[in-house]
6 protein chains.
Amino acid sequence: MHQEIERLAALALSEDVGQEDLTTEATVPDDLRCDVRLVAKQDGVLSGIDLFQATLRLAGADIEDWNARFDGERFLNGEVIATFNGRARGVLTGERTALNFLQHMCGIATLTAAFVEQLDGLACRIADTRKTMPLLRRIEKQAVVDGGGVNHRYNLATGILIKENHIAAAGGIQEALLRARQSASHLMRVEIEVTSLDELQQALEGGAEVVLLDNMDLDTMSAAVAFTRANYPGVLIEASGNASLDRVRGMAETGVDLISVGALTHSATAIDLSLLIEHA
Amino acid sequence: MHQEIERLAALALSEDVGQEDLTTEATVPDDLRCDVRLVAKQDGVLSGIDLFQATLRLAGADIEDWNARFDGERFLNGEVIATFNGRARGVLTGERTALNFLQHMCGIATLTAAFVEQLDGLACRIADTRKTMPLLRRIEKQAVVDGGGVNHRYNLATGILIKENHIAAAGGIQEALLRARQSASHLMRVEIEVTSLDELQQALEGGAEVVLLDNMDLDTMSAAVAFTRANYPGVLIEASGNASLDRVRGMAETGVDLISVGALTHSATAIDLSLLIEHA
Amino acid sequence: MHQEIERLAALALSEDVGQEDLTTEATVPDDLRCDVRLVAKQDGVLSGIDLFQATLRLAGADIEDWNARFDGERFLNGEVIATFNGRARGVLTGERTALNFLQHMCGIATLTAAFVEQLDGLACRIADTRKTMPLLRRIEKQAVVDGGGVNHRYNLATGILIKENHIAAAGGIQEALLRARQSASHLMRVEIEVTSLDELQQALEGGAEVVLLDNMDLDTMSAAVAFTRANYPGVLIEASGNASLDRVRGMAETGVDLISVGALTHSATAIDLSLLIEHA
Amino acid sequence: MHQEIERLAALALSEDVGQEDLTTEATVPDDLRCDVRLVAKQDGVLSGIDLFQATLRLAGADIEDWNARFDGERFLNGEVIATFNGRARGVLTGERTALNFLQHMCGIATLTAAFVEQLDGLACRIADTRKTMPLLRRIEKQAVVDGGGVNHRYNLATGILIKENHIAAAGGIQEALLRARQSASHLMRVEIEVTSLDELQQALEGGAEVVLLDNMDLDTMSAAVAFTRANYPGVLIEASGNASLDRVRGMAETGVDLISVGALTHSATAIDLSLLIEHA
Amino acid sequence: MHQEIERLAALALSEDVGQEDLTTEATVPDDLRCDVRLVAKQDGVLSGIDLFQATLRLAGADIEDWNARFDGERFLNGEVIATFNGRARGVLTGERTALNFLQHMCGIATLTAAFVEQLDGLACRIADTRKTMPLLRRIEKQAVVDGGGVNHRYNLATGILIKENHIAAAGGIQEALLRARQSASHLMRVEIEVTSLDELQQALEGGAEVVLLDNMDLDTMSAAVAFTRANYPGVLIEASGNASLDRVRGMAETGVDLISVGALTHSATAIDLSLLIEHA
Amino acid sequence: MHQEIERLAALALSEDVGQEDLTTEATVPDDLRCDVRLVAKQDGVLSGIDLFQATLRLAGADIEDWNARFDGERFLNGEVIATFNGRARGVLTGERTALNFLQHMCGIATLTAAFVEQLDGLACRIADTRKTMPLLRRIEKQAVVDGGGVNHRYNLATGILIKENHIAAAGGIQEALLRARQSASHLMRVEIEVTSLDELQQALEGGAEVVLLDNMDLDTMSAAVAFTRANYPGVLIEASGNASLDRVRGMAETGVDLISVGALTHSATAIDLSLLIEHA
């Protein structure tokens, strides 16, 4: 993760700075230092503080006296999340990019935590999906973990999930499962998406090791869980589809093992954070 | 833009595919082709259709009979945005990444269009900010244009905007402006952020060529516009701060030239789009 | 795989050609074409013919009339594997690099096939390991498949395998398994290495989903298989350690599911192949 | 070489680690350190110890108390080659890649040393060829030197060697030599491959500065050396073709200056080495 | 600028060193250190001393006791520009590349200073153009600043300058200006090239914010300045075309704001500098 | 060379275009095409026409009806060097970069040709040095060849040249030669720089295969050549130092084999060339 953080910070700074920060070079003395407080402007869950720091450091902030909260901790509107002393030029040049990262990651962690909170007392877990912002999957998946969720497969090479179109292309649920299980590494379980009890039954008979109940109403989902637990006790059950904050507890109460939520990453909004800077 | 599209599509596919798409390789015949419809699941403004297509192409979709709407056009829930025929493997492997791009760009274009609509009949324009998703600025700025907005400076090297902390570091508004104007290329205007009428007056006396009225209430903003128009008719006026859909028309009616809105890029949510695939 | 092939061919050519092929530029006319036969100088299994072709193409061979055997096919000493017509300069410049790739991949495929042949009639499979040539894992794993073997996890991110040192660090087999299972994705099985029946029992009690019997003598291995099949029928069994051509059938006959063989990739020797070139 | 070592270590780790080392992250405490011994499991010649160390360092091993033998030294089965203390996570994550490099380089150095040993007391030297593992030429050539051999040209840009196909394309030995000498830098000697005494004579008359006797039997080779030494005393003589350990001394006794051996790099097998790890 | 310096130094060293510095490795002891003086062999203006140092450092010079003049300072033939102590191997390997950079940058700074000197007492400034050495624009623009000049736009994305061919393509001066002003960011001024008083008048009426008087004789230029100052006092005036050292003062005396000079970067010759090395 | 041309064109365009060509996008219709003539504004020798074309092509010029002179040919002021038809946007966007390359390469080829012309009737050749523009060595060396010169070693890895500081570090001429010859590949000749007859004699006794007479007056040079030819007939002789156009024939008449001239690459000025564009 460390090298990925450095790589992302460098790419993002290069994007935002270009040849040089014209304004800061012109107006801020080269040797001026400042005291900085990173302050929350709304409640949230912290995620990305290392990337925030790495970005400022790469921007030339020459950070000293760094003191910060940890990823995964909750913060309230008005709380100080980090304090440090730095070169004013580096801080001002890196500020926007560092905040762009942090606000996005905190947004995801905070939304994830809200989902997780709904499941209080249940064994069911909240998982992310592949509906991530292109090029930012690594840090988005980290933010989901910081918010208390778990990660689904990282990408198409690290897990097998047979969807509707794969089934159609293979010529049926059983044929698709057969092919996938032959090709699967012995370290991988084969998961398949089903949308009805009939498809579920075919999938379980075909040797599915994980089933994804997609877009089922709660009654069907309950029946699906009951059937699976009774007949195929070793099979894991995931649910997905319209998993809103309102609906997620009901989904979990059907007894599924995990619920995957695309909105965690494709529609989290930024958490408002701000740098207060005092020149020495 | 063409090379940037290719570059982003390749990077994003590499992130999502990894070594190989295990599921598709196992279940989908190599030579199977399919007819595909890209369908809207909610109303919106199209942006990113070239990137969508490039992503599928790079994933091996071998696209034929491509037929699609144009960026900037509005679509309604249920409308078909594009149709094409392609290799099933390539379509399934590239589907998620292509949609991740397109849904995000449409999200930004749609939100931008909502802001622009509020200003109907006024000369005032909606601009983006540097509050973009790191590594995706280029396409996010394109989405703002597709939604009817205009682009603020691309990055720190392509425009001068003196903010509060630059002023403090330079020792005052006039000193900051003096330094910035000496350093500025003859092709650039110097912009400065002010938060009160007093600061505005100092900025205009100091030779500001563009002023940014930040976080002013509407009365102050109106007074600021009036003062500037009366005394410094060549100066351009930008406004920013809490520019919500509710509030933006009021801001525009004060007579400012443009309003910059961070939410366009930092908090747009994905537009729901879906691929309907029929195997030949 | 296609993009990886292009990438490897380009890097390898750049390594072998440097600024320019001094000899060929000096001695071979620019427009000379030639007929080429790729001939086997020993028996083997073909692997890497696409990479071979891509390398020549990138070297400027302008290939026409390409006709070649397929990966996975056996060839005998003296057989023609491919024929084509090409620009003489490109063929000569790319020849060595193209053969370096092909001879190495055929070496691995041929050695793998020899192992697989030993297991004729048994359900047990031959798998590779992570003992690959750095930077060449992708094509080496392909060569194993072309030789009839299967791939173990691609890298440390695509599978969990707890080894002796992880156990020691975690404080015991059960603790290591507990931690690994908590952290594992629902799509992954947890594998653990054991070297005795006692360790095996602990591992199975701790919830191991796959066990790796490492460096056991055949009697112990048989006992391990019997115990596992009797008490934990869903658990997969892998064996490793000194899996030579002489010993591998005996290992397989104990009833293990797969045998992993480091030598497939770390010690395969090149298959002798040669280009016969006739200038038009 | 230092930058190349860093580059290779980073690329190879990235290949083997992927997004993260799932097993080690789950099972090994973040702050655990360990004492490590690198031990030989067979006799050999050391090569690549810097790359081994760099790989572990990049993997996060935070190495202390490093103590190691030097490249080029012989080691016996059971000997300790290096000892150090490191972070357990980094050591376990980097172990396989570090060993993959080291075992391959030691394999080459050990094989080279075996060839060199055959020539004891003779002035003849053992050289490598361009039959290297793609992307690993730099370290393979270093391993040859560590084993006591010398390097032939690094690539096609750093030396001129006219082979059979160049001769055919140019229209004859003399024409090929003429073109090559006109094009050659004044700092380079022109070498040409010959397979008979007749070709040798033509080559020497044509101004060859180095001759490569390819695939000659020993008698012909002796005659070729005698003729060259008598008539063209300044010309260097290389021999190649089937230079096995059995045959190489006979070849050297014909009086050639150097013998190039493709097997050094294309068919060296890994030397068995092992990390013994003790957690503090 | 710091990261760009590192990047350029690394690329240039890689170009000049290749696999290794054969001569230095063979002849210079690994631990030998030396005292070095960088001496001017002709008068000039210093530019690029940081890049010079970075190059030697990356080459392994392990620099100590560094003592150097500053960029922008004048030096005379025979003066010592820098002194330091370093590893002999690193100094010798990096010497040529470090000097290639420094001599080129000093050449540009020195030529720029000669132009600037001609304008002594006038407000007119000397600017560079886009006629730079490909891949070296960043450091060439720095050298112009070190010589007392100012930078024109960095590239095509950081300024709008309408030239003759744009006018023709757009269908006239006024149409080109209209389009450019609509597309221009509010932070940019639109510049247009004119070659006659008639074109000038059209440009000013069309809203040009900066005019470039190209290839005008001095009388026309004077008239153009007079007309512009009288009628469009806010408009900036640039002149270009055959701006030789002989002619530049005359151009400046017409009252233009800046004069752009392609020769600063496309035709500056290297300043002769030399390293005097004393081995300890 | 082809891939290097593409690589350089892409890097240089990226440098000059940045995010987009604001002016051309705004003013030139997307589908406008134009007829273009590349015209010489002074006499010269052509070099770089492929790179010129590749740059325009990459910029989107969609070139048709390409008709151009060949590298190495002389052109006169006013002559048309190339004609073609292209997309106006691509031509205007790529024009400056394409010309920057071409004017620089023609500058070097033209200066080289002027030196070569001085040696008319003599066997002596003109060579370049390592005093090249960083990052542009490949094309500068090509330009020297196009001007009729020959290339010295490409970089420090492709030739051995012992200079004054290597001699001092090694402890003397003979010691330096001994070490270099031991380390040299059998395909390389060892060259050494000498500045007096005494040094020359030591070098020849020490086995130098090429001598570089550096900064000698013509009488000493003549004596050096005479001594070498008489006593070491196989040794090649290079001369360098202050090789101006005035002085170079005198140097050549001493009988040296080649003269290396740093100015060819470090101080060639651009040849004035211009694109005449006519919109269809």
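Tutor: A term before we start: domain bounds come from an automatic or database domain assignment. For chain A that assignment gives domain 1 (2-116 + 268-279) and domain 2 (118-266).

Student: What should I know about the model itself?
Tutor: It is a predicted model: local features need pLDDT of at least 70, side-chain atom pairs count only at pLDDT 80 or more, and totals for chains, interfaces and linings use all residues. Residues are numbered from 1 along each chain as its sequence is written, chains are lettered from A and ligands numbered from 1 in the order in which they are written, and side-chain values use heavy atoms, with hydrogens and water left out.

Student: OK. What separates the centres of domain 1 and domain 2 of chain A?
Tutor: Taken over C-alpha atoms, 35 Å. The contact (heavy atoms within 4.5 Å) takes 21 residues from domain 1 of chain A and 26 residues from domain 2 of chain A.

Student: How much area do domain 1 and domain 2 of chain A bury between them?
Tutor: About 1800 Å², with 68% of it on carbon and sulfur atoms. Buried area is the accessible area (1.4 Å probe) that two parts lose on being put together, summed over both. On the domain 1 side of chain A, the most area is lost by A:I108, A:F115 and A:V116, together 37% of what that side buries.

Student: How many salt bridges cross the interface of domain 1 and domain 2 of chain A?
Tutor: The rule finds one. It asks for a side-chain nitrogen of Lys or Arg within 4 Å of a carboxyl oxygen of Asp or Glu. A:E4 and A:R138 form a salt bridge through their side chains, at 3.9 Å, N to O.

Student: And polar contacts?
Tutor: Between domain 1 and domain 2 of chain A, seven residue pairs are in polar contact (both at pLDDT 80 or more). A polar contact is a pair of N or O atoms within 3.5 Å; within protein, one must be able to donate a hydrogen and the other to accept it, and residues adjacent in sequence count only if both atoms are side-chain atoms.

Student: Which elements give two or more residues to the domain 1 side of chain A there?
Tutor: Helix 1 (2-17) and helix 4 (88-118) of chain A. Helices (H or I, at least four residues) and strands (E, at least two) are DSSP runs, numbered from the N terminus. Helix 4 of chain A gives the largest share of that side, 11 residues.

Student: Let's switch to chains C and D. How many residues are in contact?
Tutor: 59 residues of chain C touch 58 residues of chain D. The buried area between chain C and chain D is about 5000 Å², and carbon and sulfur atoms give 60% of that. In chain C, C:E15, C:L135 and C:L156 lose the most area to chain D, together 15% of what that side buries.

Student: How many salt bridges are there between chain C and chain D?
Tutor: Four. D:R137 and C:D16 form a salt bridge, their closest N and O atoms 2.5 Å apart. Chain C and chain D also have 32 residue pairs in polar contact (both at pLDDT 80 or more).

Student: Which rotation superposes chain C on chain D?
Tutor: One of 180°, with 0.0 Å of shift along its axis and RMSD 0.1 Å. That is the relation of a two-fold axis. The same surface serves both copies, as 98% of the contact residues of chain C recur in chain D. The copies are superposed by least squares on the C-alpha atoms of residues with pLDDT of at least 70 in both.

Student: How far apart are the nearest C-alpha atoms of chain B and chain D?
Tutor: 9 Å, and chain B and chain D do not touch. No contact joins chain A and chain F either, with their closest C-alpha atoms 9 Å apart.

Student: How many salt bridges over all chains?
Tutor: The count comes to 108 by this rule. One within chain A pairs the side chains of A:E253 and A:R249 at 3.0 Å, N to O. A:E253 and A:R249 lie in helix 10 (residues 248-253) of chain A, four residues apart, about one turn of the helix.

Student: Last one. Where is D:N215?
Tutor: D:N215 is in the loop between strand 9 (210-214) and helix 9 (218-231) of chain D. D:N215 has a positive phi of about 55°, although it is not a glycine. Most residues other than glycine have a negative phi.
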